[in-house]
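Here is a short report on one protein chain. Keep the sequence and the 3D view open while reading.

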Amino acid sequence: MPRIACRPSVLGAAVLASLIAAAAPPAKAVEPYRLQVGDTIDFSILGTLPVARKIMIDQDGTISIPLGGRFPAAGLTIEALRESVAQRLRTVSYPAGVDAQGAAVWSVIYPEGVLLDVGEFRPVYVSGDVLTPSAQPFRAGLTVAQVVAVVGGPSVSRSRQDHSLDRAALGEEETEAFSALFQARLQVARLEAELAGPGEPDLASIPADGVEPGLADRFRSLVREQLAARRDDREKTRDNLRTSVAGSVSRLGFLQQTQRNLEDETRNYDDEIKRVEELLQKGLTPIDRLRAAQRGALLVSTRSLDTLSAISEVERDVTDLQRELVKLDDTARMENLAALQVASAGVSQATARIEGLREKARIVSGVGDEPQAIRYFVTRATDGASTRQAVEAGTVLQPGDLVEVVLVEPASEPTPVARTAELASPTVPQLAAPDTLVEAAALPTQASSGRVPTPTPALR
């Protein structure tokens with residue numbers, strides 16, 4: 001029997017395609033990425049004078065666009081930001097050259113010529129039981145397993161090392177860091193008190209975490225003595241300037257009186273010279289008498305000029321001293337403001353150092369020799385709040401995520417790692433991250449083994 005070839009109708013194909021589409025699960029909508037502080041924007045304008053810039057979003061969440069000014073960027077999608085920039089720049093014109101007659105030619109910016117894109121996302125940070133904890137560039141689709149592989153993978157050898165010497169060194173470093181932080185805070189309080197006026201700073205309210213009480217009291221006492229000495233020195237300088245001004249004013253009065261006397265003496269010599277000239281014309285006096293009167297007038301005139309010069313010098317000294325007296329407080333204020341910047345930077349540096357020592361203490365605390373499993377945690381900042389949760393190796397990351405890798409010991413030979421959380425979060429309320437390491441309680445407890453890493457002194 002001959003075979004008859006059948007071709008499916010177009011209508012049947014369309015029906016079959018619609019049935020397949022209906023049976024397929026709906027695709028999950030991907031929420032567009034919203035820009036955050038630290039992202040870098042590639043900005044360019046196409047036109048007669050092309051402009052291209054790489055712009056990082058500042059701490060206040062804004063960017064500065066050439067010809068447009070500042071724009072809020074944090075929390076917006078790249079499309080929303082581009083539309084905002086294009087709408088403002090469409091009203092901007094700029095000189096594009098000159099015509100044949102030498103007149104300036106102005107050009108406008110078309111919205112289609114404004115290009116914005118994310119040039120570089122915030123990096124992803126990897127810490128914990130990995131070979132090289134570090135920051136890694138973010139790429140779309142980056143997963144936890146991929147970024148851990150880039151930093152060398154989980155490091156079992158970390159837990160096999162004896163970090164007792166490292167922990168001892170950390171104790172000394174932490175003592176120094178907490179001491180530096182406390183002293184920097186005391187200096188800030190002292191400088192703010194000097195700038196505010198004659199009041200005394202409340203040094204007792206400044207926390208002295210990690211500093212021995214006796215040493216903390218000594219530091220406070222030294223700062224009070226320093227403040228009193230500086231105020232006393234400034235008051236003595238002010239008294240010396242006032243005394244110098246008074247002395248100069250007194251000398252000025254004496255010189256002015258001397259000048260008035262010399263002026264009277266000059267007039268007397270002038271009268272004497274006229275009288276002698278009249279007598280000389282009548283032949284009633286010798287010419288030597290006239291010469292003596294002229295010499296006397298010349299000497300008085302010379303003394304008068306010297307006195308006028310001295311008066312000018314003393315007046316200049318009085319003006320300078322009075323200016324120094326007025327500038328004394330202003331100069332002290334400028335010096336204190338400069339010192340306050342240095343002290344504030346010292347507080348930030350000491351705080352950052354303590355944070356680094358916390359992370360180092362957590363790393364060197366160690367875990368088991370033969371890990372049974374690897375646990376991943378991701379800390380993510382959303383709407384100003386940080387959340388930390390356990391994730392899988394295939395979890396897709398977002399810019400700025402902190403990935404923590406924790407090696408868990410086998411149940412047959414448990415080793416406590418709860419102490420790691422304690423080392424990473426010492427009792428320093430003003431420095432502790434509120435949402436960090438909240439999952440540590442899920443790890444083996446301290447009662448499961450006696451091999452607990454010794455905490456450093458400042459972090460007990």
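Helices here are DSSP runs of type H or I with at least four residues, numbered from the N terminus. Arg289 belongs to one of them, helix H7, which covers residues 287-364. The model is a predicted one.

## Arg289 and the helices around it

Arg289 sits in H7. Is Arg289 buried, partly exposed or exposed? Its relative accessible area is 37%. Buried means under 20% and exposed means over 50%, so Arg289 counts as partly exposed.

Leaving out residues up to four places away in sequence, Arg289 touches Glu272, Arg275, Val276 and Leu279. Glu277 is 12 residues from Arg289 in sequence. In space, their C-alpha atoms are 9.4 Å apart.

Helix H6 spans residues 213-281. H6 has 69 residues. From first C-alpha to last, H6 reaches 101 Å. That is close to the 102 Å expected at 1.5 Å a residue. Just after H6 comes Gly283, with a positive phi of about 75°.

The largest nonpolar core holds 23 residues. Which of them touch the most other members? They are Phe182, Leu186, Leu203, Ile206 and Val211. Helix H5 (164-196), H6 and H7 each supply at least two residues of this core. H5 gives the most, with 10 residues.

Phe182 shows who meets whom. Not counting residues up to four places away in sequence, Phe182 touches Ile206, Pro207, Ala208, Val211, Ala216, Phe219 and Arg220. Another core lies apart from the largest one. This other core has 22 residues, including Ile41, Ile63, Ile78 and Leu89.

## The five-stranded sheet

An open sheet of five strands runs in the order E9-E8-E12-E10-E11. Its pairing is mixed. Strand E9 (134-136) and strand E11 (385-391) stand at the edges. Each has a single partner strand, so one side of each is left without a neighbour in the sheet. From one strand to the next, the twist averages 25°.

Strand E12 covers residues 402-408. Strand E10 (residues 373-382) runs antiparallel to E12, with seven bridges between them.

Where is Asp39 found? Asp39 lies in the loop between helix H1 (10-23) and strand E1 (40-45). Its relative accessible area is 0%. Buried means under 20%, so Asp39 is buried.

A polar atom of the Asp39 side chain lies 2.9 Å from the backbone nitrogen of Arg122. Asp39 has other contacts too, leaving aside its neighbours within four places in sequence. Among them are Tyr33, Ile55, Met56 and Ile57. Glu120 and Phe121 also touch Asp39.

How values were computed. Residues are numbered from 1 along each chain as its sequence is written. This is a predicted model: local features need pLDDT of at least 70, side-chain atom pairs count only at pLDDT 80 or more; totals for chains, interfaces and linings use all residues. Side-chain values use heavy atoms; hydrogens and water are left out. Buried means under 20% relative accessible area, exposed over 50%, partly exposed in between (1.4 Å probe, protein chains only). Two strands pair if DSSP finds at least two bridges between them. Axes are lines fitted to C-alpha atoms, for helices over the stretch in contact, and angles run from 0 to 180 degrees between N-to-C directions. Contact means heavy atoms within 4.5 Å. A nonpolar core is a set of buried Ala, Val, Leu, Ile, Met, Phe, Trp, Tyr and Cys residues joined through side-chain atoms within 4.5 Å. A polar contact is a pair of N or O atoms within 3.5 Å; within protein, one must be able to donate a hydrogen and the other to accept it, and residues adjacent in sequence count only if both atoms are side-chain atoms. The expected span of a helix is 1.5 Å times one less than its number of residues.
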